[in-house]
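Dear colleague,

Please find below the structure that I am handing over to you. My notes on it follow, arranged by topic.

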Amino acid sequence: MPTPRSLGTFPISPAMKAKLTSAGFLTVSDLQDLKPSELSKELGISTEAALEVIKTVFQEDVGVSGSRRTSTPRSVTALEMLQLEQSLPNIFTFSEKLDDILGGGVPLAKITEFCGAPGIGKTQVCMQLGIDVQIPECFGGLDGETVYVDTEGSFIVERLVDIASATVEHCNNIAQMDGSDDVKEAANSFNLEKLLSGIHYFRCHDYIELLSTVHLLPKFVSEHKKVKLVIVDSIAFHFRHDFDDMSLRTRLLTSMAQSFIRLATEHKLAVVLTNQMTTKMGRGGGSHLIPALGESWGHASTIRVVLYWEGNNRHALLYKSPSKKEAVVPFQITMGGIRDVQSEATDQGVMESAEGGENPPKRQRVS
């Protein structure tokens, strides 16, 4: 059995090593599964300092024997990268127009950010994607699972049931028309209980819990191989309300962005973030809304979509993409989830305030 690596071999300050030793933390195994808040209490240090210790110990490339790996990096050609990217499926949204401007849906191995004002539908999009990624492959889905990180408390399971029920009904209708035994068998096992069991929910009440959750995600995803989507709704909430130290905020956001990029690329999954909007004052005294967290955070996502109101209609603007040109499409939120705007759509079928507006929506079965 390999000997656990000593904490004294890590690049930790002598003072911190002394605290660890005094508290009985001598090897890597002593810190296994320990939360930053728990370590901070044990050592009498800040939670941020405890988080840095855990990151130093567990984010290094450590071999089975406890020693650092010295494997030579393998190069890949641009052609191999292109072929891999083209082979990865997308997560569709049930809005054909939105999928089109995204290039077929939300891509794997990338970070997609949905920005918008409260009530525009960011959480609804997240719930829709959390269900859609679980659709069986014979229906065009990924047969995956979802990690849902909720920072605002806007996740409502009853609403998720509405979207999941409509998706199950949709797949059952396809199975009836298709007629093949394989498709019917997949439809029979694709039910509400399975969909709800495929969403792993984390509630983060402050930025420390969010940082800790993000830090533990690689291990969680490694243990749950079917996870193909990680959602954080929203990334901005705690960093806008709990922070006075802007330099610290920038460092933490940068570190978290790097963690998301590594998670998406190494595990070939989609990372979907939601972001709030803030007001930017112009030189002439005017103002306009822009995504929150500043310009540096804008580089974190591969794809950025801005959701906004125009009159009584919701629109999605593809604001940033490495391969698709800027485009705007309308969309609506029905009881069944995200859908295209139909030419004869009525107010009865649209949830104008599905994400927490003042007027409660009318219920209508999705056809």
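The largest share of the lining of the largest cavity comes from α13, which gives four residues. Please bear in mind that this is a predicted model. The structure holds one cavity of 30 Å³ or more, and about 80 Å³ of space lies in the largest cavity. Ten residues line the largest cavity, and the closest to its centre are Lys-55, Leu-211, Ser-255, Met-256 and Ser-259. Two or more residues of the lining are given by each of α4 (47–58), α11 (207–223) and α13 (246–267). By type, the lining is made up of five nonpolar residues, four polar residues and one charged residue.

**The packing of α4 and α11**

Two of the helices that contribute to the cavity lining, α4 and α11, also pack against each other, at an angle of about 5° and with their axes 11 Å apart. Angles under 35 degrees count as roughly parallel, so α4 is roughly parallel to α11. On the α4 side, the contact is made by Thr-47, Glu-48, Leu-51, Ile-54, Lys-55 and Phe-58. On the α11 side, Tyr-207, Ile-208, Leu-211, Ser-212 and His-215 take part. The residues of this contact divide into six nonpolar, three polar and two charged. Lys-55 and Leu-211 belong to this contact, and both are also among the residues closest to the centre of the largest cavity.

**The protein as a whole**

The secondary structure comes to 14 helices and 13 strands. The protein has 367 residues, of which 46% count as buried. Among contacts between residues at least 6 apart in sequence, 65% join residues at least 24 apart.

**Buried positions**

Helix α7, residues 122–132, is mostly covered, with eleven of its eleven residues buried. Its buried residues include Lys-122 and Asp-132, as well as Val-125, Met-127, Leu-129 and Ile-131.

Leu-39 is found in helix α3, residues 36–43. Its relative accessible area is 0%, so Leu-39 is buried. Residues up to four places away in sequence aside, Leu-39 touches Leu-20, Phe-25, Leu-31, Leu-34, Ala-50, Val-53 and Ile-54. One of these partners, Phe-25, is 14 residues from Leu-39 in sequence and 9.8 Å from it in space, C-alpha to C-alpha. Another, Ile-54, is also one of the α4 residues in the contact with α11.

Val-149 is placed in strand β4, residues 145–150, and counts as buried at 1% relative accessibility. Between Val-149 and Val-232 there are 83 residues of separation in sequence, while the C-alpha atoms are 4.7 Å apart in space. Not counting residues up to four places away in sequence, Val-149 touches Phe-202, Cys-204, Leu-210, Thr-213, Ile-231, Val-232 and Asp-233.

Thr-151 lies in the loop between β4 and α8 (157–178). At 0% relative accessibility, Thr-151 counts as buried. With neighbours within four places in sequence left aside, Thr-151 is in contact with Arg-203, Cys-204, Leu-210, Val-232, Asp-233, Ser-234, Phe-237 and His-238.

**Backbone features**

Which peptide bond is cis, with omega near 0°? It is the bond from Asp-233 to Ser-234. Ser-234 is found in the loop between β6 (227–233) and α12 (237–241).

Ala-109, although not a glycine, has a positive phi of about 65°, and its place is in the loop between β2 (106–107) and β3 (111–116). Lys-268 is likewise a residue other than glycine with a positive phi, near 55°. Lys-268 lies in the loop between α13 and β7 (270–275). With a relative accessible area of 27%, Lys-268 is partly exposed.

Yours sincerely

Technical notes. Residues numbered from 1 in each chain as written. Predicted model: local features only at pLDDT ≥ 70, side-chain atom pairs only at ≥ 80, totals over all residues. Heavy atoms only, no water. 1 Å grid on protein atoms, 1.4 Å probe; cavity = no way out; pocket = protein on both sides within 12 Å on 5 of 7 lines; lining within 4 Å. Points joined across faces, edges and corners; volume = space filled by probe spheres on them. Nonpolar A, V, L, I, M, F, W, Y, C, P; charged D, E, K, R; others polar. Axes fitted to C-alpha atoms, helices over the stretch in contact; angles between N-to-C directions. Parallel < 35°, antiparallel > 145°, perpendicular 65-115°, else oblique. Contact = heavy atoms within 4.5 Å. Buried < 20%, exposed > 50% of the residue type's maximum accessible area, 1.4 Å probe, protein only.
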